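Please read the following alongside the sequence and the coordinates. The text goes through one chain at a time.

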Amino acid sequence: MRTRFRAAALTASAAALFPAAWAVIAAMPPFGEHVSPYGAAVNAVVPAARHVSNMVAAVNFDLRGLDTLGEESMLLCAVTGTVVLLRGARGEGTSGSAVRLPGRAVAQRSDATILVCRFAATLLFFFGVYVALHGLVTPGGGFQGGVIIASGLLLLYLGEGYAHWRSIVRGRILSFLEGAGALLFVLVGAIPLALGKAAFRNILPLGTFRDLYAGGTMVVVNAAVACAVAGGFTLILLEFMEETRAPETEREPGEGG
Amino acid sequence: MMIWLTGIMLVIAAAAGLLVVLSRDPKRQIFALCANGLVLSLLFFALQAPDVALSEIVVGAVVVPLLFLVALAAVAVARVRE
Amino acid sequence: MSVLPWCVAAWLFAVGIYGIATSRHYVHLVGCLSVCQSATYVLLLAVGFHWHAGPPIFYDHPPGTPAVDPVVQALVLTDIVIGATVTALLLAIVVQAHKLSGSVDPQRLRPLRPNA
C-alpha cells in the first residue's frame, strides 16, 4: 500500500510541475545563441592578465579560487566522513585475506594479469602526473590528474593482491598527502592576506604565456589539488576494500594466509 | 553537421540515463553506469568542453563503478558474517 | 533543437527522481542520484555553449578566437569530482545501514523510533 501511495504522490507532483517546467523551458534562450558576458570577458582578458592558456583552470584556481577552496573542503569532509563511518564500526584489526563467500570459487591471478597491471599502473601514474602538470596550458588540471593517479594505484591491487598492495599503498601516506594538499591551498589563500593584499591574490611571478610553469600561484594550487584528490580517492577506495577483509581474530578451519 | 552530432549525443545521453534507472539489479547497474559515463563524456566533447569530458571519463566510467562494486562486495561480506 | 538540451536535462532529472522514489535497493538508489546530478551537468554546459565556437583553451588558437563559456565548465568540472566523493560517502552510509539493520531495501527500513 505504501508503494501505491508513493507512486500516486509521484504522478500527482509530476502533473503539477509539468506546466511550470514547460514555462521555464519555453523562456530559456535558444540553445547556442546566448553569449554570457562573464565568460566572454574571461576569454578576452585572462590570457594577457594571467599568462595561461587554459581558461577553465584559470577560473578554477585563480579567478574563483575561493569557490574551489569550498569544493576542496567538501572533498575533505566527505573523505573524513567515509573513513570515520567505515573504520569506526570495523576497528583496526583486519588481516590481509578476504572473507571467503560460500559457493564462490577462488580464481588464481594469471601471469598475464600481473604483468599487464604492472605496466598499465605505471603508465597511468605517469599519465596522471602529466595531465596534472599540464593543467594550465592544455585540457587537464589537478582534479583530472589526481583521479587518474588514484585509478592507477587501484590497478596495482588487481595485479598484486591485497597484502602486497597494502604494503605499497599506505594509509598514512595517503592521509598526509590529502591533508597537505588542502593545507597548501589554504596557505595560498591566506599568505597574501598576511602580506596586506586580498586573499588568493596572485603574488608569484606570472611567467611567459604558454609556458608550463606560467601562472604564478595557479601552479602551486594545481599541484595541491592533484595531491589532495589523489590521496582522497585512494583513501576512500582503501577503506571500502578493508571492509571485505577478514578480521584478525577469526581463523576458519583450513584457511590459509 | 555539428547540429546533428550534438542532437544525437543529447538523445543518447537521455537514453543512457533511462537505462541506469531501469537496471534494478545493482550488479547490472554498474555496467549501465559505465556506459552512462562514456556517453556523457562524448556529449561534453560535442559541447566543446574537453576538461569536463576528461573529468567525466575518469570519474564516471572508472571510479564510480569501482566504488559501487566495492560497496556491493562489502554488503555481501557483511551478509555472510552475520 | 533549440529546446532539446533543456528538455533532456528535465527528462534526466525526472527519470532520476522516479528511480529514487521506486527503488528497492539502496545502491540502485545512489546510482539514480548520479543520474540527477548528470542532469545539472548537461544543463550548465548547454547554457554556456555557442555555435561555431571552440573550447576555451588558447594553446593552439590565438587568444581572441570565439570560445564557449569557461565559467560553467569550471563549475561542472569540480562538481563531477566532488560528486563522486559524496557518492562514496552515501555508499558508506548504505553499508553501515545494512550492518545495523540487515536490509538494503528502502521500503523495509523504517525511521528510528524510541524503544523500537
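Helices here are DSSP runs of at least four residues, numbered from the N terminus. The model is a predicted one.

Begin with chain A, where His51(A) sits in the loop that joins helix H2 (37-50) to helix H3 (55-63). His51(A) is not a glycine, yet its phi is positive, at about 65°. Is His51(A) buried or exposed? His51(A) counts as buried because 20 other C-beta atoms lie within 10 Å, and the cut-off for a buried residue is 20 or more.

Arg210(A) is also a non-glycine residue with a positive phi of about 65°. Arg210(A) belongs to the loop between helix H8 (171-194) and helix H9 (217-242) of chain A. With 16 C-beta neighbours inside 10 Å, Arg210(A) is classed as partly exposed, since that class lies between the limits of 12 or fewer for exposed and 20 or more for buried.

For chain B, the point to look at is confidence. The mean pLDDT of chain B is 92, and 99% of the residues score at least 70. Which helix of chain B has the lowest confidence? That is helix H3 (residues 50-81), with a mean of 91, whereas helix H2 (residues 26-46) has the highest, at 95.

In chain C, turn to Ile20(C), a residue of helix H1 (residues 4-21). Ile20(C) is partly exposed because it has 19 other C-beta atoms within 10 Å, and a buried residue needs 20 or more. Leaving aside residues up to four places away in sequence, Ile20(C) touches Leu29(C), Cys32(C) and Leu33(C). Leu33(C) is 13 residues from Ile20(C) along the chain, and their C-alpha atoms are 6.9 Å apart.

How values were computed
Residues numbered from 1 in each chain as written. Chains lettered and ligands numbered in written order. Predicted model: local features only at pLDDT ≥ 70, side-chain atom pairs only at ≥ 80, totals over all residues. Helix = DSSP H or I, 4+ residues; strand = E, 2+ residues; numbered from the N terminus. Contact = placed C-beta atoms within 7 Å. pLDDT = per-residue confidence, 0-100.
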